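Q: I have a protein model open on my screen, and I would like to learn how to read its features one at a time. Could you take me through some of them?

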Amino acid sequence: MGSVPEGPSAELQAWTCAVCPAQGLAPGRFDVVARPGPDSRYEPAAGWRVDLSTGAPTCVHPYRVGLPPGAYATGGVPLPPRAAQPPDPRDLVLPDDPTLLEAWFVAVLRDAEPDRMRAALARAEQVAGERFPGRTVVSAVRRVMSTELAG
């Protein structure tokens with residue numbers, strides 16, 4: 001695998017969640033799992049999710065970081081080139097946790113055909129607004145729009 005850079009790129013920071021280890025660490029310095037679950041939790045002192053059994057920084061959204069699930073930091077899995085990853089179908093279900101709302105918007109938009117993105121965003125905003133306060137929805141949409149609708 002060679003030398004792993006210390007920090008992330010600005011591009012990676014823009015594409016990942018605010019609490020993703022990719023905000024402060026380069027790929028290869030954190031593990032990636034298929035989705036959020038009971039095996040990882042947000043660790044406020046670190047500023048990102050950690051795996052409960054290994055303590056390793058853990059990304060829970062492969063489709064955002066552009067890497068398939070793998071034990072890159074803890075298992076020495078060779079780091080593949082970053083590439084688009086499809087959202088897990090379970091990530092297309094509106095979460096109950098507002099900290100996962102941004103990732104849900106990204107999953108919905110990445111699942112939409114390019115010519116349907118605006119309609120998908122409008123529908124997602126409506127659905128999210130039925131569960132979360134408007135301020136929470138707008139905050140999530142603002143962060144997502146700069147990366148998802150820019151291309």
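A: We can start with burial: a residue is called buried when its relative accessible area is under 20%. Please keep in mind throughout that this is a predicted model.

Q: Is Cys59 buried or exposed?
A: With a relative accessible area of 3%, Cys59 is buried. Cys20, whose relative accessible area is 6%, is buried as well.

Q: How many disulfides does the structure hold?
A: A disulfide is a pair of cysteine sulfur atoms within 2.5 Å, and the structure holds zero of them. Cys20 is in no disulfide, and the nearest cysteine sulfur, that of Cys59, is 3.7 Å away.

Q: Which side chain joins that of Arg64 in a polar contact?
A: For such a contact we look for a pair of N or O atoms within 3.5 Å, and here the side chains of Arg64 and Glu102 are joined by a polar contact of 2.9 Å. Arg64 is found in helix H2, which covers residues 62-65, and Arg64 is buried, with a relative accessible area of 3%. If we leave aside neighbours within four places in sequence, the residues in contact with Arg64 include Trp15, Cys17, Glu102 and Arg110.

Q: How many residues of helix H3 are buried?
A: Helix H3, residues 101-111, is mostly covered, since nine of its 11 residues are buried. Among them are Glu102, Trp104 and Phe105.

Q: What is the volume of the largest pocket?
A: The general idea is that rolling a probe the size of a water molecule over the atoms shows where empty space is left. In this structure the largest pocket has a volume of about 230 Å³. Of the 16 residues that line the largest pocket, the closest to its centre are Cys17, Val19, Arg49, Thr99 and Leu100, while strand S4 (58-59) and H3 are the elements that give two or more residues to its lining. By kind, the lining of the largest pocket divides into nine nonpolar, three polar and four charged residues.

Q: Which element gives the most to the lining of the second largest pocket?
A: The second largest pocket holds about 160 Å³ of space, and its lining includes Glu11, Trp15, Arg64 and Arg110. H2 gives the most to this lining, with three residues. The lining of the second largest pocket divides into five nonpolar, two polar and four charged residues.

Key: Residues are numbered from 1 along each chain as its sequence is written. This is a predicted model: local features need pLDDT of at least 70, side-chain atom pairs count only at pLDDT 80 or more; totals for chains, interfaces and linings use all residues. Side-chain values use heavy atoms; hydrogens and water are left out. Buried means under 20% relative accessible area, exposed over 50%, partly exposed in between (1.4 Å probe, protein chains only). Helices (H or I, at least four residues) and strands (E, at least two) are DSSP runs, numbered from the N terminus. A polar contact is a pair of N or O atoms within 3.5 Å; within protein, one must be able to donate a hydrogen and the other to accept it, and residues adjacent in sequence count only if both atoms are side-chain atoms. Contact means heavy atoms within 4.5 Å. On a 1 Å grid over the protein atoms alone, a cavity is a set of points where a 1.4 Å probe fits but cannot get out, and a pocket is an open set with protein on both sides within 12 Å along at least five of seven lines; lining residues have an atom within 4 Å of a point. Grid points are joined across faces, edges and corners, and a volume is the space filled by probe spheres set on the points. Ala, Val, Leu, Ile, Met, Phe, Trp, Tyr, Cys and Pro count as nonpolar, Asp, Glu, Lys and Arg as charged, and the others, Gly among them, as polar.
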